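Dear colleague,

Please find below the structure that I am handing over to you. My notes on what was found in it follow directly after.

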Amino acid sequence: MAVTALLALLLVALPGHAQESRLPSIGGSGGGLIAGQQESDIGQQVMVSIRRSAPRISDPLVYDYLSAITYRLVPSAPLQNRDLTLALIDSSAINAFAVPGGIVGVNGGLFLNAATEQQFASVLAHELAHLSQRHFARRMEQQETSAPLTLAGMIAGIVLSAVTQSDIGFAAIAGTQALAAQNMLAYSRAHEQEADRVGLDILASAGMDPRGMPEMFEIMMRQNRMQGNRLPEYLSTHPLTQSRVADTRNRAEQYPDENIRDGQEYHLMRSRLQVHYAPSPDVAVETFEAYLNRPEAQRNDAIRYGLSVAYLENRQYDKAVDILNDLLTRNPGRITFQVTLAEVRLAQNRMDEARTVLKDALARNPGNYPIIHTLARTEIADGNGAAAAEYLKQLTRQLPGQEHLWLKLAEAEGMARNIVGVHRARAEYDVLMGDLESAQRQLRQAQEKLPAGAPQRQIVTERLAEITSRLHARANS
């Protein structure tokens, strides 16, 4: 949530690779909303900055859940562009953000603090509402009359102050920019209220409980009180008052009370991330064992699953397997349990057992991201680079914007001694990181290793031409 306001407030320039430092600026006196293509360009630059500067969660199970819940909400959001890019940030703080070009980001800490799926979804609905109402463009239209912002400054503010939780961005708001920043903050309050109203409609239309939104706001208010004088990151430029909470609660109560229940998958992912953010595997085990000792938790699958993940991280593999096998007996074919069981077998170096579990799961769920990703990991661990590369090629077609998949593909191609494949995968990774010169070099090396007339050479040549064209366009901008 904080990033939506930070886009207009944080004016620091982001240090980075020189080749991506020349960004377009919002300018001119003609007024009007910024163009859709310009929003797309902003989104691409934001993702480059996030990839370079922010720790990411690459866990395919968590990402797959985030994608599923987001796209459950999307059909109910009045978005012009429904092709979103999701960024899952590895931070235990509450935060979520939406920026032009369809970028939606969520901190892992949102799972920790949202006790229900309805509360979690309410934050996503709020951010989708910001996108649908084009609040960024409307702020820029107002800002043109006082202190126009460059995209580089906005991107820097997002990355430095919202994603990495740094104070640098706030320190940059000083001197001549202070009044403009203050004015933009006041303007953002109206947008926040509008996003609340639209977000409630999105939740209700998607079959989720709008009451999750005021509940989530109350969690934020409690955390604010507990932190004393230092505002939590999401409230630093995201004004949340008692009157706004009350207004949202009153609006939510006007929707039918349908007693909507959470999906189990949310609580499984929440448990998984509780283990991830535990101070140590020992502490995670102790925590979930204590949870399970409560009488009401004895048959709670999410808590038992969390304990199995804690056992996995603590290398108590047999205990993890016992829990997961019991969970699968009660929930046959549950992908999360199957993938986690395969992860345990992989940690035990029992590759054949991991492969068997995963291939059985894949036969029932063709194209499933977590299953295929874990199969690729298994093949790499077993020294089968060519098999891993085939799985990873499938994933890069499904999720071309996930840079870690291209790195894994380069590793698998290297293991398989496919040097051309290594260069091509590295080139795509470099493109996502904004390093077009390096991508160009990688593709030229791939081109040199392919015979004239080979179909693969033609593909490489065409991609090289695209990258070269982008470099020329940037040089002339």
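Predicted model: local features only at pLDDT ≥ 70, side-chain atom pairs only at ≥ 80, totals over all residues.

In helix α14, the residues Asp301, Arg304, Tyr305, Leu307, Ser308, Tyr311 and Leu312 meet Tyr317, Lys319, Ala320, Ile323, Leu324, Asp326, Leu327 and Arg330 of helix α15; contact here means heavy atoms within 4.5 Å. By class, this contact of α14 with α15 comprises nine nonpolar, one polar and five charged residues. In that scheme, Ala, Val, Leu, Ile, Met, Phe, Trp, Tyr, Cys and Pro count as nonpolar, Asp, Glu, Lys and Arg as charged, and the others, Gly among them, as polar.

Residues are numbered from 1 along each chain as its sequence is written, and side-chain values use heavy atoms, with hydrogens and water left out.

Helix α14 covers residues 301-313, and its axis lies 8 Å from that of α15, at an angle of about 150°. α14 is therefore roughly antiparallel to α15. The term applies to angles over 145 degrees, whereas those under 35 count as roughly parallel, 65 to 115 as roughly perpendicular and the rest as oblique. Axes are lines fitted to C-alpha atoms, for helices over the stretch in contact, and the angles run from 0 to 180 degrees between N-to-C directions. The crossing of α14 with α15 is left-handed, that is, the near helix is turned anticlockwise from the far one by less than a right angle (clockwise would be right-handed).

α15 also packs against a further helix. The axes of α15 (residues 317-330) and α16 (residues 335-347) come within 10 Å and cross at roughly 155°, and the two helices are therefore roughly antiparallel to each other. Their crossing, too, is left-handed. On the α15 side, Tyr317, Ala320, Val321, Leu324, Asn325, Leu327 and Leu328 take part, and they meet Phe337, Gln338, Thr340, Leu341, Val344, Arg345 and Ala347 in α16. This contact has 10 nonpolar, three polar and one charged residues.

Turning to the chain as a whole, the protein has 23 helices and three strands; these are DSSP runs numbered from the N terminus, with helices (H or I) of at least four residues and strands (E) of at least two. Of its 477 residues, 54% count as buried, where buried means under 20% relative accessible area, exposed over 50% and partly exposed in between (1.4 Å probe, protein chains only). Among contacts with a separation of 6 or more, 69% are made by residues 24 or more positions apart.

His373 belongs to helix α18 (residues 369-381). Its relative accessible area is 9%, so His373 is buried. Not counting residues up to four places away in sequence, His373 touches Pro60, Leu395, His404 and Leu405.

Gln274 is found in helix α12 (residues 264-276) and is partly exposed, at 22% relative accessibility. Leaving aside neighbours within four places in sequence, Gln274 is in contact with Leu112, Phe288 and Tyr291. Gln274 and Ala310 are 36 residues apart in sequence, with 9.2 Å from C-alpha to C-alpha.

Asp201 sits in helix α9 (residues 178-205) and is partly exposed, with a relative accessible area of 44%. Between Asp201 and Ala77 there are 124 residues of sequence separation and 8.4 Å in space, C-alpha to C-alpha.

With kind regards
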